[in-house]
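Subject: Structure handover and findings

Dear colleague,

Please find below the structure that I am handing over to you. My findings follow it.

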Amino acid sequence: MNLLWIYRSMEMIRVLLVLLVLLVLGSAEGRRVRGQRTQTPESFPLDFTAVEGNMESFMTQVKNLAQSLYPCSTQKLDQEMKLQFLRNSSVTCNDGSPAGYYIKESRGSRRWLMFLEGGWYCFSKHTCDSRYETMRRLMSSSKWPPTRTGTGILSSQPEENPHWWNANTVFVPYCSSDVWSGSTAKTDQNDYAFMGSQIIQEVVKELVTKGLDGAKVLLLAGSSAGGTGVLLNVDRVSELLEDLGLGSVQVRGLADSGWFLDHKQYRFTDCIDTISCAPTEAIKRGVRYWNSVVPERCSRVYNGEDWNCFFGYKVQPTLKLMVDNVHLTGQPVQEGQWRYIQNLGSELRNTLKNVPAMFAPACLSHEIITRSYWMDIHVKGTSLPRALQCWDRSLRHHGNSSSIQAPPRGCPLHLIDSCPWPHCNPTCPTIREQLTGQEMSVIQFLTHLGFDVQRVAQQQGMEPHKLLGMLSNGT
């Protein structure tokens with residue numbers, strides 16, 4: 001048996017026995033207060049014999065004890081989230097099929113995590129027809145599985161998700177193709193429904209009947225288009241709960257890989273599809289096609305030019321609550337493209353200066369919080385789960401407000417890599433060549449991008465071998 005598992009098992013035994021003592025003492029004390037005769041408390045059968053010869057059987061008994069003491073034990077608790085279609089059948093996916101969500105309830109927990117799936121968007125009949133042919137699961141619920149197993153921040157395993165494993169977990173599949181902003185139903189005149197913003201509202205209303213009304217915290221999280229959806233909807237979710245008389249629920253937002261820039265393309269192309277179209281033009285067309293709903297204050301700031309509110313650095317300052325075009329083709333990137341990549345990184349850093357809480361590793365990786373390796377990535381020695389815990393502690397007593405108190409020592413809130421090249425953080429996920437799947441080192445990858453070690457070393461005033469060492473170490 002693995003020694004680490006044995007050690008952790010014995011630690012669990014010790015904790016469980018302490019819990020058992022506390023429960024027994026509580027029961028006896030309650031009987032004395034009522035003036036009744038003290039009785040021998042009921043005990044749980046736990047056989048300590050032959051432990052060394054049959055550790056597996058012994059651990060089974062320990063886990064059974066854990067389940068009887070704590071209903072959220074990770075072994076007997078169903079790990080899977082179960083599909084629920086919305087009761088309001090008028091709120092649908094693009095093709096008119098019912099929208100819904102997956103839920104795993106955690107009895108006794110007052111923390112709720114609601115995750116918005118990502119998956120880009122379409123902004124015209126042509127692009128949506130193409131999307132329906134190639135990515136139908138992002139436009140229809142017809143083939144959604146009855147259950148889903150969460151990973152990363154959605155995992156119910158403490159080893160994978162140390163701070164949110166026992167929260168009530170809700171996964172909302174993306175089937176509206178509108179960056180969670182639309183409010184248009186499918187009709188004879190409209191080939192597709194775009195109801196992302198209404199799906200979120202309906203899910204929250206249903207969660208109130210499932211225990212959200214007793215919640216302390218609701219964390220609205222999302223990745224990619226779901227991350228942008230968080231920025232667009234976090235204030236509206238908070239306002240909905242206030243309207244329902246649940247203003248005591250602290251609503252927070254976590255946007256993963258949803259902080260996009262309205263930058264110019266490296267090379268101008270016609271707006272034919274979602275890949276070739278410039279970000280601003282695609283969103284401008286989408287806002288009209290989807291009949292988008294954006295945060296009211298953001299809309300006022302930009303005088304009704306609502307497309308601005310889809311870009312993080314523009315919408316974030318207007319929120320009440322907290323919260324690219326380079327295509328690798330296998331050919332070396334030219335010097336002009338290399339400068340474009342570097343300038344893009346500088347622009348991104350500048351837009352994050354006034355964000356009160358962030359975790360921004362210099363990694364060429366899209367979406368992280370639902371990946372099983374999310375604990376492995378660090379910025380300045382701090383992991384993402386630890387950074388989220390620090391943020392949670394800084395907001396604990398502030399309710400639905402954007403104010404943040406000074407974090408405890410050793411608990412940073414503003415974490416951003418400062419190294420000057422892509423994927424320079426040594427804890428970034430492994431890079432793989434797209435066609436072969438073969439792993440690439442950082443140096444191999446940068447060379448693929450056209451990175452000239454000799455020239456950059458000369459610009460930095462150092463020897464090439466020293467620069468190579470820094471690249472290998474991610475410094």
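A disulfide is here a pair of cysteine sulfur atoms within 2.5 Å.

Residues are numbered from 1 along each chain as its sequence is written, and side-chain values use heavy atoms, with hydrogens and water left out.

Disulfides

The whole structure contains 4 disulfides. One of them joins cysteine 390 and cysteine 411, with the sulfur atoms 1.9 Å apart. Its torsion about the S-S bond is about -110°, so this disulfide is left-handed. Cysteine 390 lies in helix α10 (residues 384-395) and cysteine 411 in the loop between α10 and β11 (414-416), so the pair ties together parts that are 21 residues apart in sequence. Helices (H or I, at least four residues) and strands (E, at least two) are DSSP runs, numbered from the N terminus. Both cysteine 390 and cysteine 411 are buried; buried means under 20% relative accessible area, exposed over 50%, and partly exposed in between (1.4 Å probe, protein chains only).

Cysteine 298 and cysteine 309 are also linked, at an S to S distance of 2.1 Å. This link is left-handed, with -110° about the S-S bond. It connects distant parts of the chain, with cysteine 298 in helix α7 (residues 296-301) and cysteine 309 in the loop between α7 and α8 (312-315), 11 residues apart. Cysteine 298 and cysteine 309 are both buried.

In the disulfide of cysteine 122 and cysteine 128, the sulfur atoms are 2.1 Å apart. The link of cysteine 122 and cysteine 128 is right-handed, with 90° about the S-S bond, and both cysteines are buried.

Glutamate 117

Glutamate 117 is located in the loop between β3 (111-116) and α3 (125-134). Is glutamate 117 buried or exposed? Its relative accessibility is 9%, and it therefore counts as buried. Its side chain makes a polar contact of 3.1 Å with the side chain of arginine 137, and it reaches the backbone nitrogen of tyrosine 174 at 2.9 Å. A polar contact is a pair of N or O atoms within 3.5 Å; within protein, one must be able to donate a hydrogen and the other to accept it, and residues adjacent in sequence count only if both atoms are side-chain atoms. Not counting residues up to four places away in sequence, glutamate 117 touches several residues, including Phe171, Trp180 and Ser223; contact means heavy atoms within 4.5 Å.

Salt bridges

There are 10 salt bridges in the whole structure, each a side-chain nitrogen of Lys or Arg within 4 Å of a carboxyl oxygen of Asp or Glu. Aspartate 392 and arginine 252 meet in one at 2.3 Å, N to O, and both of these residues are buried.

Arginine 285 and glutamate 281 form another, with the closest N and O atoms 2.8 Å apart. Both lie in helix α6 (residues 279-290), 4 residues apart, about one turn of the helix. Arginine 285 is partly exposed at 30% relative accessibility, and glutamate 281 is partly exposed at 29%. Elsewhere, salt bridges that share partners join Arg111, Arg252 and Asp392 into one network.

Nonpolar core

The largest nonpolar core has 100 residues, and those with the most contacts inside it are Met114, Ile153 and Leu241. Such a core is a set of buried Ala, Val, Leu, Ile, Met, Phe, Trp, Tyr and Cys residues joined through side-chain atoms within 4.5 Å. Helix α5 (residues 225-243) gives the most to this core, with 8 residues. Leaving aside neighbours within four places in sequence, isoleucine 153 is in contact with residues including Leu113, Trp164 and Leu388.

Confidence

The protein chain averages a pLDDT of 76, and 65% of the residues score at least 70; pLDDT is the predictor's confidence in each residue, from 0 to 100. Over residues 1-52 pLDDT stays under 50, and the model has 37 contacts beyond four places in sequence for this stretch. Residues 324-334 also have a pLDDT below 50, with 19 contacts beyond near neighbours in sequence. Where pLDDT is low, the predicted coordinates should not be read in detail.

With kind regards

How values were computed
Predicted model: local features only at pLDDT ≥ 70, side-chain atom pairs only at ≥ 80, totals over all residues.
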